[in-house]
Amino acid sequence: MSHQPIAVAEDKDPLRMLLRFHGELRRTLKDLHTLARIDDGARRQAEAIRLYAVLAHDVPRHDLDEEVSLLPRLGRVKGPERLTRMIRTCRGMHESIEEELDQALPVLRALTQGIAPIEPGVIEHMATRLDGLLVPHLRLEEEEIFPHARLLLDAATLETMGEEMLRRRADKQRGHARAVEIYAEPPL
Ligand SMILES: [Fe+2]
Ligand SMILES: [Fe+2]
């Protein structure tokens, strides 16, 4: 592996953007554990709406950033043999996370609509299962995938990646409009 000069502007640096979201996701998981213990119904509902937006909208966009903008580019450069295996593992983890979210999101969505009662144990179980999948996944990306990307992808490639990711964020307006529609739906 050879070190590449990092000439990509900090605000367009895709790996920094991905890492920033990992921080947000860790905070979201922590808050999911405490959600069930919020006694005040209106506050619990507001918190559920905030957490739902991260898990239902920001996580899929983050996965898209990695699946479409990062991993194929990293897979095409010449790297160590184990990198190919780690990319495959990373993709498999994304699938498992999405499957788990398919189970978890309807529960959280019910909470966004103020539907009661949902047993605190159900939310705790959901948070624990998500932790079990996401914590090792974030570690793999932070300790292996992103450092290899930093070493192996040149500045022009990183810049293109960053631009793709910023374009996805420009669609945020549309994403939020959809989220508002979901929250406006009558209770299930
Ligand atoms: Fe990921
Ligand atoms: Fe990630």
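## Elements and basis of the model

Helices (H or I, at least four residues) and strands (E, at least two) are taken as DSSP runs and numbered from the N terminus. By that rule the chain has 6 helices and 0 strands, and its elements run α-α-α-α-α-α from the N terminus on.

The model is predicted, with local features needing pLDDT of at least 70 and side-chain atom pairs counted only at pLDDT 80 or more, while totals for chains, interfaces and linings use all residues. Residues are numbered from 1 along each chain as its sequence is written, and chains are lettered from A and ligands numbered from 1 in the order in which they are written.

## Confidence

The pLDDT, the predictor's confidence in each residue from 0 to 100, averages 87 over the chain, and 85% of the residues score at least 70.

## Packing of α1 and α2

Helix α1 and helix α2 (residues 41-76) pack at an angle of about 150°, with their axes 10 Å apart; axes are lines fitted to C-alpha atoms over the stretch in contact, and angles run from 0 to 180 degrees between N-to-C directions. The two helices are therefore roughly antiparallel to each other, a term for angles over 145 degrees. Residues making the contact include F21 and L32 of α1 and L51 and V54 of α2.

Methods. Angles under 35 degrees count as roughly parallel, over 145 as roughly antiparallel, 65 to 115 as roughly perpendicular and the rest as oblique. Two residues are in contact if their C-beta atoms, placed from the backbone, lie within 7 Å.
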